Amino acid sequence: MDLVFDRVGKRFGQRDALIDLSFGMASGEMAFLTGHSGAGKSTLLRLLLLLDRASSGEVSVSGRPLSKIRESGIAAYRRDFGVVFQDHKLLFDRSVFHNVALPLEIAGFTKRDIDRRVRAALDKVGLLDRERASPEMLSGGEQQRVGIARAVVARPKILIADEPTGNLDPQLSSEIMGLFAAFNSVGVTVIVASHDLALISRMSQRILTLKEGRLITLNNDKRGDG
Amino acid sequence: MAGQSPAGVGSGPRPKAQAWVHHHREAAVTSVEKLLREPVSNTLTVLVIAIALALPTFGLALVSAVNQELNRLDAPPQLSVLTEASLTLDDAKRLAEKIERQPGVAAVKVIDRDTALTEFIEATGLEALSSRLDSNPLPHTLWLYPSSNIRSAGLAQLSQDLKALPGIADVILDSRWLERLEAFITLARSVALALGAAMALGVVLTLGNTLRLGIESRREEIVVIKLIGGGNAFARRPFLYTGALLGALGGLVSGLLIFMTFEALKAPIAQLFDLYDRSAAVSVFGFEDFILLMSLGSALGWISACYSVQLHLARIQPR
């Protein structure tokens with residue numbers, strides 16, 4: 001198992017955001033995380049990214065318990081992930097190219113490698129011709145694709161997306177989900193949080209449903225019916 | 001699987017040291033670009049630093065200039081020995097030879113009364129006075145140069161001994177002004193240093209605040225950097241360079257300010273020295289001082305950035 005939640009709980013004050021949550025994902029697997037807002041999807045992803053720590057239980061990634069990772073090790077740990085945000089989190093003071101290049105700069109790639117990888121990533125999301133544009137000039141769907149390019153450019157082991165299609169129309173949403181499936185098909189572990197049941201049930205992937213902090217379906221059937 | 005190591009094109013991340021050098025170079029370049037993007041506020045910051053550095057530095061430079069000038073004075077001060085009016089020039093010369101043999105005396109020069117009067121009239125322009133005088137009221141004078149190792153106490157003793165000699169009316173030991181000046185210079189240097197310390201603290205706080213605003217305005221960027229695996233060090237680096245750069249520029253400008261002030265003062269200072277028949281050959285502010293000020297400025301800038309970043313950057317965490 002590449003990614004294991006073992007009886008994980010998370011409390012915020014008096015409120016339990018996650019209760020006794022256990023599941024595992026193999027390396028190269030893809031899963032959708034669904035449930036109403038407030039069901040604990042974001043909390044789960046936050047624990048995974050070490051934006052928060054579990055109150056009980058243990059999360060392990062690649063066999064490494066996250067409780068053993070100290071503050072100083074968090075940055076390096078996060079570099080194993082590619083993250084796509086609902087609000088894109090692009091930086092408007094730099095071009096599309098430099099937005100996508102940021103993870104590579106952090107990892108210390110050479111300029112030559114950065115050029116090549118950024119162009120490859122932009123090509124995959126179909127935005128190669130917009131590399132000089134400012135993200136401000138792009139449509140919502142294009143901005144999200146820049147965000148995806150940035151998430152995959154450093155070839156992460158695990159790709160996480162939090163409501164990536166939240167503000168997009170069905171056609172664009174389905175294109176975006178197609179991109180995630182494509183990354184998964186080359187071996188990347190993919191977790192997508194989404195409340196768009198109609199869309200994710202068409203994707204024929206594993207679905208994890210959260211309700212009030214508990215995991216209520218553990219759909220391991222690849223032909224899943226939602 | 002593919003994710004275990006960076007697969008495909010390229011050779012993956014560089015070795016750590018190389019990446020570190022690269023990060024620093026990138027941070028330096030980025031910080032220059034960011035400075036140029038806000039020319040007005042950054043110019044103001046540079047000026048504040050420049051003035052804060054210039055004031056104490058100017059004080060210290062002035063003190064050291066006066067000190068250098070003092071060291072060029074004949075030290076220790078001479079004694080003026082006034083003979084009694086009845087003494088003839090030959091008597092005065094014999095007296096001078098006698099005094100010269102005393103311990104603690106390096107040389108004795110006889111100024112005869114006529115020369116003294118002529119010099120006095122030349123120096124004061126009181127020609128009318130000389131025509132009114134029936135006779136020269138001045139006595140012969142001996143200028144006594146003490147040996148250089150004599151202390152002020154010994155000098156006072158020497159003047160007492162001389163006063164006791166027959167034929168000597170008075171001994172004028174005029175060293176108190178020098179002692180006072182030296183004490184004043186010591187005080188001035190302490191004041192300049194204290195002012196310098198206060199100003200340095202001011203620079204750190206001003207720059208720290210400027211950088212805090214920079215950090216606040218780039219909160220978004222810092223959050224994203226942290227979210228996608230950039231550590232505090234990566235987020236901090238551009239601010240350190242910005243701080244050091246602003247500080248160095250402040251040092252440069254303060255150097256220019258001081259240089260220009262001394263240039264402007266050159267003519268009046270030369271005039272002043274002319275009045276005393278001396279040349280103002282003191283070098284007050286040179287190239288090394290520029291380098292020193294710039295290093296000092298950039299060090300202060302780096303320190304302010306460390307302090308500011310330490311205070312504010314860690315608080316910015318992705319939510």
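Two strands pair if DSSP finds at least two bridges between them. That rule is needed for the first stop of this tour through a predicted model.

**Stop 1: the sheet of chain B**

Select residues 79-83 of chain B, strand S1, together with strand S4 of chain B; the two pair in the antiparallel sense over 5 bridges. Within this pair, B:Val81 stands opposite B:Val171 of S4(B). Helix H3 of chain B, residues 89-100, packs on the sheet and touches S1, S2 and strand S3 (141-146) of chain B. The direction of H3(B) makes about 170 degrees with that of S2(B).

Now widen the selection to the whole sheet. In what order do the 4 strands of this open sheet in chain B run? The order is S2-S3-S1-S4, with antiparallel pairing. Strand S2 (105-111) and strand S4 (168-173) of chain B are at the edges with a single partner strand each, so one side of each has no neighbour in the sheet. Direction ignored, neighbouring strands here are turned by 20 degrees against each other on average.

**Stop 2**

Select residues 232-275 of chain B for helix H9 and residues 287-312 of chain B for helix H10. Their axes come within 6 Å and cross at roughly 150 degrees. The contact of H9(B) with H10(B) has 16 nonpolar, 11 polar and 2 charged residues. H9(B) passes H10(B) in a right-handed crossing.

**Stop 3: confidence in chain B**

Colour chain B by pLDDT. The mean for chain B is 81, and 87% of its residues reach 70 or more. Which elements of chain B have the lowest and the highest mean pLDDT? Helix H5 (residues 127-132) of chain B has the lowest, at 74, while H10(B) has the highest, at 90. Residues 1-10 of chain B have pLDDT below 50, yet the model gives this stretch 23 contacts beyond near neighbours in sequence. Where pLDDT is low, the predicted coordinates should not be read in detail.

**Stop 4: where chain B touches chain A**

Show both chains. The contact takes 25 residues from chain B and 27 residues from chain A. On the chain B side, the elements that give two or more residues are helix H1 (16-37) and helix H8 (219-227) of chain B. H8(B) gives the most to that side, with 5 residues. By class, the side of chain B that touches chain A has 13 nonpolar, 8 polar and 4 charged residues. For the model, ipTM is 0.85 and pTM is 0.69.

**Stop 5: the sheet of chain A**

Move to chain A, where 4 strands form an open sheet in the order S2-S1-S4-S5, with antiparallel pairing. The edge strands are strand S2 (15-25) and strand S5 (64-65) of chain A, and each pairs on one side only. Select strand S1 (residues 3-12) and strand S4 (residues 56-61) of chain A; this antiparallel pair has 5 bridges. The bridge partner of A:Asp6 in S4(A) is A:Glu58.

**Stop 6: helix H3 of chain A and two partners**

Select residues 96-107 of chain A, helix H3, with residues 140-152 of chain A, helix H5. They pack at an angle of about 30 degrees, with their axes 7 Å apart. Angles under 35 degrees count as roughly parallel, and H3(A) and H5(A) are therefore roughly parallel to each other. H3(A) contributes A:Val96, A:Asn99, A:Val100, A:Leu102 and A:Pro103 to the contact, and H5(A) contributes A:Val146, A:Ala149 and A:Arg150. These residues of H3(A) and H5(A) divide into 6 nonpolar, 1 polar and 1 charged. The crossing of H3(A) and H5(A) is right-handed.

The contact is made by A:Phe97, A:Val100, A:Ala101, A:Leu104 and A:Glu105 of H3(A) and A:Ile114, A:Arg117, A:Val118, A:Ala121 and A:Leu122 of H4(A). By class, the contact of H3(A) with H4(A) has 8 nonpolar, no polar and 2 charged residues. H3(A) passes H4(A) in a right-handed crossing.

**Stop 7: confidence in chain A**

Finally, colour chain A by pLDDT. The average is 90, and 96% of the residues score at least 70. Residues 221-226 of chain A have pLDDT below 50; beyond near neighbours in sequence, this stretch has 13 contacts in the model.

Definitions and conventions:
Residues numbered from 1 in each chain as written. Chains lettered and ligands numbered in written order. Predicted model: local features only at pLDDT ≥ 70, side-chain atom pairs only at ≥ 80, totals over all residues. Axes fitted to C-alpha atoms, helices over the stretch in contact; angles between N-to-C directions. Left-handed = near helix turned anticlockwise from the far one by under 90°. Nonpolar A, V, L, I, M, F, W, Y, C, P; charged D, E, K, R; others polar. pLDDT = per-residue confidence, 0-100. Contact = placed C-beta atoms within 7 Å. Parallel < 35°, antiparallel > 145°, perpendicular 65-115°, else oblique.
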